[in-house]
Amino acid sequence: MNQSIIALLTDFGTSDAYVGIMKGVILSRCPTVQIIDLTHEVAPQNIRQAAYLLGTAYQHFPAQTIFVVVVDPGVGTQRQAVAVRTTHGIFVAPDNGVLSEVVERETVFAAIRLPIAAESSHTFHGRDVFAPAAGLLANGAALRTLGTAADPLLRLPLLTGVDNGRTLQGEVIYCDRFGNLITNLGVFRWRGNVLALDRGDAAPLEMDAAALQIQLSGRRLLAVRQTYAAVQTGDLVALISSDGRLEIAVNGGSAAAQLGVGIGAEVTIDYA
Amino acid sequence: MNQSIIALLTDFGTSDAYVGIMKGVILSRCPTVQIIDLTHEVAPQNIRQAAYLLGTAYQHFPAQTIFVVVVDPGVGTQRQAVAVRTTHGIFVAPDNGVLSEVVERETVFAAIRLPIAAESSHTFHGRDVFAPAAGLLANGAALRTLGTAADPLLRLPLLTGVDNGRTLQGEVIYCDRFGNLITNLGVFRWRGNVLALDRGDAAPLEMDAAALQIQLSGRRLLAVRQTYAAVQTGDLVALISSDGRLEIAVNGGSAAAQLGVGIGAEVTIDYA
Amino acid sequence: MNQSIIALLTDFGTSDAYVGIMKGVILSRCPTVQIIDLTHEVAPQNIRQAAYLLGTAYQHFPAQTIFVVVVDPGVGTQRQAVAVRTTHGIFVAPDNGVLSEVVERETVFAAIRLPIAAESSHTFHGRDVFAPAAGLLANGAALRTLGTAADPLLRLPLLTGVDNGRTLQGEVIYCDRFGNLITNLGVFRWRGNVLALDRGDAAPLEMDAAALQIQLSGRRLLAVRQTYAAVQTGDLVALISSDGRLEIAVNGGSAAAQLGVGIGAEVTIDYA
């Protein structure tokens, strides 16, 4: 039996029928595929936000999953539409940087440029280009049959923090539903009460979580804690997000609202 | 294997458990059916909006799809509940006009009036009438076994534009998440740089897209463009929506917000 | 073929990728499971609201359904994570009272404490504890293989109304998308024009719906009606909700907005 899985990530919202229409197109080509919503609430045309969310999610899906990412301000222009097979996942998307986090971490085995049919709309390639390609792939079509070799993929510069030997300097890159502020400092892993900072090929840098000083928007937090509940309800807490980044939160509340802070705010960790 | 597909369209929102409950009822009758959300964010009790969204979507699904449409201000009254088989799709819904766009375009092969069981609630026929019928159909039940022949279906007058020989006059009939304003002028198709207006049995009327003058709410736009990106970011643009209608948008922004215009606003195209 | 069904109920919202990530984790363990959303819009960390919504929904699903409930303010603390098999449904959740309504009505056959792996995050047990357990169960794992016997489950005191022999006294316990106010008075069933109040083992108490006097927030309503449309558009109406509770609504409008009333408001029914 066909066990294909397609995961959708768009900025279409769910109040219109656009996402439902894409699913109809997919099912018309592969009636038994599982279709999963990653989210459709990416801020309109915010490519960087979509790239971040995709980066936090794709590795938790089966490696054969087909991801369809439609955040596409350039729809109808000359930007190429692509289908990309990697070490973990197949990605169907406009080539506008939305795959930057994936391409940073995975090997690309093949990248195909999808043709835009003459009868395609100029405003809804989700329906007319990306969903049909995904449906065909789910139904067993080989990637190479969908188009021709793609031009090199566009990659956005990653917003990585800077380590100056005593301090990590970074910024808030995401704010979730709860008002938790996720930064680009990390990836950290807990080893007991010690935080280990991943440094790629170099050995991880170990830090005493209890001795770290965090600054965000004029506020200072002492120590990185393990849980929201490590502080009183309503209090600020620094902790490690589920994707290993430094996160600033309020136990039972919203750090974004309490601090009046959002994406782009500067954050530092003194670890000297 | 059962490959039935049920698509849901309601005004229930997704913050309550109503939609989830309908899915439970369906799965209790057909555990392997695919259930797809068209949208649940129809404005409460807005039958016309639901009819429009259904009209834009149903043809993109497989022809055997079962659509369950529950926008039902008359729940518990004498309005009939129906299941309707057409040339493209089976529709389970209250008979209040919500199927108007479908019935305008498709041939109805059979229309059944669904019985309301004595133990049914008077407030949630989505759970007690429509979902059970859809689940039975998905599981293979014949339409005629679900009830008796329905009375003629209620059809809302369609909001079609008027062609006076020099000007098309219409109105805004939908505003999407992006603030794009969709009108009832069309259906248009691009033929290169020429717009062809569908006129049913008559030959399409060809128009020079670059020479058209559009008026909306005191603003004049010159030319219909092919893509959002044909104008500068922040500028108004007239183009053809993904369902072939005249659409007024702002590249990278919201036409509804910028113009302060919504559903019902008058729009004209001078093509003389 | 695997016909497992997993239903999700969380306070994660749908604007982040958290729910999608949980689905990826589940599908990595059981690629053919059906995953259904009950809702993800529970107010952040509102355990009682989640318990109520679960209580209205679970019985409408097949009895073998696996429910994953993640409203978890104590994530990362010592609260136990559990998997519970009952007469109707298997439930995977933090043990914080969110299963109170289920445990009140169903027999618990087995309750297992799920281990928290050393490499688990401290902030997202939905991904690292609950979704993996649900995926394994969906794929056929026996409940007992997932952990050890759980401690007795936490049960929140149920908010039940009081019957003083002439009056039922209760409160508003839920407000839905339409502004309908659901109370804790009931369960009622219609018998023609008579309302029968369920009293457990005792015989139901029959009431003349037309003679009942309802008070809510200084407003008096005479009679309980069968449908929203029993009153004029814009008028208040008392009726019986789809789960058998006294409900105060406005035909075509929002009772919550019109009365300025929300959860916790006192309500009485005089039936003497």
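Which residue of β17(B) does B:Leu181 stand opposite? The legends below begin with that pairing.

**View 1. Pairing of β10(B) with β17(B) in the predicted model.** B:Leu181 stands opposite B:Ile248 in β17(B). Strand β10 (residues 181–183) of chain B runs antiparallel to β17(B), and 2 bridges join them. Strands are DSSP runs of E with at least two residues, numbered from the N terminus, and two strands pair if DSSP finds at least two bridges between them. This is a predicted model, in which local features need pLDDT of at least 70, side-chain atom pairs count only at pLDDT 80 or more, and totals for chains, interfaces and linings use all residues. Residues are numbered from 1 along each chain as its sequence is written, chains are lettered from A and ligands numbered from 1 in the order in which they are written, and side-chain values use heavy atoms, with hydrogens and water left out.

**View 2. The hairpin of β16(B) and β17(B).** Strand β16 (residues 236–240) of chain B pairs with β17(B) in the antiparallel sense over 5 bridges, and B:Leu236 has B:Val250 as its bridge partner. Between the two strands of this hairpin lie 5 residues. In the turn, B:Gly244 has a positive phi of about 85 degrees.

**View 3. Burial of β17(B).** Of the 5 residues of strand β17 (residues 246–250) of chain B, 5 are buried, so the strand is largely enclosed by the rest of the structure. Buried means under 20% relative accessible area (1.4 Å probe, protein chains only). One side carries B:Leu246, B:Ile248 and B:Val250, the other B:Glu247 and B:Ala249, and both faces are covered.

Notes: Buried < 20%, exposed > 50% of the residue type's maximum accessible area, 1.4 Å probe, protein only. Helix = DSSP H or I, 4+ residues; strand = E, 2+ residues; numbered from the N terminus.
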